Amino acid sequence: MEAKIDLKEAMSIGIGGMVGGGIFAVLGLAVGLAKGGTPISFLIAGLIALLTSYSYVKLSLVYSDRGGTVRFINEGYGVGVFSGGANNLLWVSYIIMLSLYASAFGSYAPNLWQITSNANLNFHLYASSIIIIATIINYYSANVVSKIESIAVVVKLVILLFFILVGLYGLTTSEHLNQLAPSSWESPLSLLAGGMVIFVAYEGFELIANAVPDIKNPSSNIPKAYYGSIIFVIILYVIIAGVTVGSLGFDTIKDAEDYVLAEAAKPILGQIGFTIITIAALISTFSAINASLYGGSRVNYEIAEKDELPHQFTYKFWNHPVGLAITAILTLLMVNTLELESISTAGSVGFLLVFAIVNSVGFKLSNKTKGNAFVPALACVACLVAIIVMLVQHYSTSKLDVFIALGVVVICFVLEFIYKKIEQKS
């Protein structure tokens, strides 16, 4: 088939994957860790994503495959326990991202309409309902998923750019502008930890890898798509973080941690601004859930096809891979049992470790990809250091988050080891 995705559409895949529900869900968490240095935290996280994209560019050009990250890891390490565990972690990280998006939806939606008088119950009802609705849509038609995402990318970017313009104007008279001064920043380690807990807001660029076989003029457009989308989102996030911190007091941000972006629109636009950003958050998280359900089930299918998960995962349920239903069920379980910070921490650790592995593949295969070995090596080290700093920082404040994140990683590799042992005996 003739390639049909041009540069603009390829960049839209990356931007849409990154500007999903992440920024709406984790901005408050970042401010809690970095305070006035939150824009720096977003910049640090973005630079690690940008470094990692070098490996994705080089590997995408040589190993053009809809398997994307799964294919890269298998090329670097062969099909075995390590690659299987890493690919399982990628799938589980998709589930964690879905939980994060659903959590954001459940936090924003009650601001428009409360189903019951119980705030906690409202959260769970909204978060669970949106997963179920998105699952039904995915089973109904993949084309509908694609159309929803295409429309949502435009809507959320227009609203966020409007928020930035209005917010920058509002900063000229804001009494909280001094919060952006270096004197209000947390320590360098806290800035790095803040950037890593919100790293999930950048992971979506890897979706470009799955679309590589359909991209026109790949040698030129693939690098531009990766680098261009990440740089655009870095600038977008840094400005949004700056506007938020400069518009609201830290106490207000803490009180509205789960829906802080909507609260940041109040000083200039009042309740109307709050409502507009809330609607943008609902559209963004809903579209992100739709796309991530599709992507997650596809990753699950790819892993099972490579015999790194039981072959039963390739079976169909209502004419779709059974992994779609399993992904949805696991997401429902996670969003209704874990706190937002635990979900975000586990997601960031998962994707940082997967990206570290992909970077190591970029280093190992640099001769085949004709790439510079130093850049993926540096990116791999950066991902690993970021994981360590984040876990050390979190251990002093929330040991449970650390145990959950490490537990997810260990389980993915242990289950793959057990599966391979059982497979060998049979």
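Q: What volume does the second largest pocket have?
A: A pocket is an open set of 1 Å grid points where a 1.4 Å probe fits, with protein on both sides within 12 Å along at least five of seven lines. Here the second largest pocket has about 500 Å³. This is a predicted model, where local features need pLDDT of at least 70 and side-chain atom pairs 80 or more, while totals for chains, interfaces and linings use all residues. Numbering starts from 1 along each chain, and side-chain values use heavy atoms, without hydrogens and water.

Q: Which residues line the second largest pocket closest to its centre?
A: Lining residues have an atom within 4 Å of a point. Of 24 here, Ser107, Ala119, Asn120, Phe123 and Asp258 are closest to the centre. H5, helix H6 (119-140) and helix H15 (340-364) each give two or more residues, and H6 gives the largest share, five.

Q: Which residues sit closest to the centre of the largest pocket?
A: That pocket has a volume of about 1,100 Å³. Among its 36 lining residues, look for Ile13, Ser146, Glu149, Ala211 and Tyr294 closest to the centre. Helices H1 (7-18), H5 (81-108), H7 (142-171), H9 (207-211) and H13 (266-305) each supply two or more lining residues.

How values were computed
Grid points are joined across faces, edges and corners, and a volume is the space filled by probe spheres set on the points. Helices (H or I, at least four residues) and strands (E, at least two) are DSSP runs, numbered from the N terminus.
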